Every structure is written in structure tokens, then in C-alpha cells.
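Please consider the structure shown below.

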Amino acid sequence: MQKSFGRKKVIMMFLLPAFLVYTLFVVVSVVWAGYYSLFDWSGVGEKSFLGLQNYTQLFTNDPTFWATVAHTLIYTVICVLIQVFGGLLFAIFLSRVTKFRAGLQTLYYVPVVISSVAICQIFTKLLSVTPPGVINSVLGFFNADLLYMEWISNDSLSLLMASFVEGYKYLGLYMVIFYAALIGVPKELEEAAIMDGTNVVQLYRHVKIPYIRPVIIANCVLVLNGSLRSFDISFLLTKGGPGNSSELMSTYMYKQAFSSMKYGYGSAVAMAIVAICLLVGFVFRRVTERGEEAPAGTIGYRGLRGSESL
């Protein structure tokens, strides 16, 4: 069996279906978007060839696009903090509790299986101003001015609220991944660290978290990839408003292509999104590769080697 799976032909046989699907729905779509970005086209009728004029306008004469780039980066950072680091904290909590663990794990995972439309409707009701929603009603007991606090329609808070809802929805997914990684840490490392006199905080800081570092990096890549292309939560919750205060690159692309009927310009925005995603992914991988090259001497590993030498 191992010899069969080690053969290149067998490996290619398993990879080919996924490669064909990926090529059909991703690579071909990117190529067509690049082609349309060279034209002025409303979606019907004749296309007018513009060359690189759409890109020139996008990068030099479109301040709204650069605002959406900044919004998307802020949105991504908040999602990484909530989904990756929040998911890791929840996973650590689950790994420490002994009672009701399955129930808590299911409860935390529920938002993942709820549709984005339902999640946005729930938060719209919770953050409602007229009539006051649950959040404002509770805050109103402590400060009457907060009873009519604007959350979604506040241009200073709308982007933060959209990113919070996105992070809340997918936090449970990454919590489960981290939990599976934490319970997979070898018991020998934990026992050696305890014999060295480490406390709970040191155990996670120097042994368990360094051991699951590849999982943390993989989850960061997944969140970066998803957040940079995020569309549904922001569009359903704020529509990119008020004004352009919560507009993301993906929602801006949608409005240019399907609301303004500028398919060529919208395709140019789409190609810019692809380029920015590749650039951010490349920079992140370079940073993490440098971290992997650095020596990692942890309490757990030192303790394990010390016990073996005895």
C-alpha cells in the first residue's frame, strides 16, 4: 500500500480531479477577468479596447479604491486577531475543562453552520437603534446616552462591527482546529515540562504553542486568504456604508461591475485583489519562514532531552 501511494502516477491520479476543478473555477476565471479588464464594457453590446487605461485610472485617479484597500487590511487584521488568537484561547480553555466540554464545543461552533444572512440579521436586531436592541438596552442601564448609540450606521464603527461579526462567525472553526492540535501534543513533552517545574502558563507558552506553530501559521494563511476576499458579511450588514466607510475591495468590485455596469473596470479591481492577495501571502510566508529558521529552545524540549540523558 505504501509503495502504491509513493508512486507519482498514483499521486497524480488523486490530485488531478482537484486540479481540474481548481483550474476551471479559479484559474480560468482569473484569466477571463484579466481579459475583460482591458476593455470598456457594460456587459452587453460591443467591447471597446482600452489597454491599461482601467489600471491607470484605478491606481492613480481612484482614491476610493485605495480607501477600500486600507479598509480591507484593517478588516483582515481584526479577523486574524479574533479568529486565530481568539480561537486559540478558546481551544486552550476547552483543553483545560473536564465537564460539559462537548456541549461548550458545540455551542461555540454553532455560528459557523449558521448562514451569513442569518448572522447579519441577528446582529442587526441586537444592534438596533429604533427600537433599541438588546445591546443598547443593556448599555442604557449604565449610561442613558448609549441607549441610542449607532453601531452599524456609524461611519467610525461600521467597519469594526463588520469585521467583528466576520470574526465571530468563524471563530469556532479555528477553535476546533486548534483544539485538535493541542490534544495531539505528545504527553511526553508535557510530562517533561512538568518535571522541570513549569506552571500552566509556561507549559502553553514554551511547549504546546511552539509545538503547534505550523497549525497557527496554516490558520493565519486561511484567515488572510478569506478576509482579503471577504464579501458577504460586509455587504449584508453595512452595504459598504455609510458612504464608503466600510467598503471592502470585494464589495467595491461588485458595485463597479454589477451596479455601475462597468465590467471592464470591475475586472481591473478584481485583478488588483488577486495581486494584493498574492503579495500579502508572499510577505507572510517570507516572515514565517524566517521564524522557522530561528532556533527554538523551549522548556519542554530541554526538559525532554535532559530526562533522556539521565
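This is a predicted model: local features need pLDDT of at least 70, side-chain atom pairs count only at pLDDT 80 or more; totals for chains, interfaces and linings use all residues.

Val21, Tyr22, Leu24, Phe25, Val26, Val27, Val28, Val31, Trp32 and Tyr35 make a nonpolar surface patch of about 950 Å². Valine 27, one of the residues of the patch, is found in helix 2, which covers residues 8–36. With a relative accessible area of 35%, valine 27 is partly exposed, because that category lies between the limit of 20% for buried residues and that of 50% for exposed ones.

From the surface, the description turns to the interior. In soluble globular proteins, nonpolar side chains tend to be buried together. The largest nonpolar core here has 40 residues, and among these Tyr75, Val84, Phe178, Ile212, Ile216 and Leu237 touch the most other members. At least two residues of this core are supplied by each of the following: helix 4 (63–96), helix 6 (116–126), helix 8 (158–182), helix 9 (187–195), helix 10 (200–211), helix 11 (213–228) and helix 12 (232–238). Helix 8 gives the most, with 10 residues.

When residues up to four places away in sequence are not counted, leucine 237 touches Cys120, Phe123, Thr124, Ile152, Met161, Ala162 and Val165.

**Two salt bridges**

Side chains of opposite charge can pair when their charged atoms come close. How many salt bridges does the structure hold? There are 2.

One of them joins lysine 208 to glutamate 190, with the closest N and O atoms 3.6 Å apart. Lysine 208 lies in helix 10 and glutamate 190 in helix 9, so this pair ties together parts that are 18 residues apart in sequence. Are its two partners buried or exposed? Lysine 208 has a relative accessibility of 8% and therefore counts as buried. Glutamate 190, at 17% relative accessibility, also counts as buried, because the limit for that category is under 20%.

In the other salt bridge, the side chains of lysine 255 and glutamate 247 meet at 2.9 Å, N to O. Here lysine 255, with a relative accessibility of 22%, counts as partly exposed, whereas glutamate 247 is buried, with a relative accessible area of 2%.

Definitions and conventions: Residues are numbered from 1 along each chain as its sequence is written. Side-chain values use heavy atoms; hydrogens and water are left out. A nonpolar core is a set of buried Ala, Val, Leu, Ile, Met, Phe, Trp, Tyr and Cys residues joined through side-chain atoms within 4.5 Å. Buried means under 20% relative accessible area, exposed over 50%, partly exposed in between (1.4 Å probe, protein chains only). Helices (H or I, at least four residues) and strands (E, at least two) are DSSP runs, numbered from the N terminus. Contact means heavy atoms within 4.5 Å. Patches are made of residues with over 30% relative accessible area and no salt bridge: like charges are joined within 9 Å, nonpolar side chains (Val, Leu, Ile, Met, Phe, Trp, Tyr) within 5 Å. Accessible areas come from the Shrake-Rupley method with a 1.4 Å probe; for residues, only the protein chains shown count as cover. A salt bridge is a side-chain nitrogen of Lys or Arg within 4 Å of a carboxyl oxygen of Asp or Glu.
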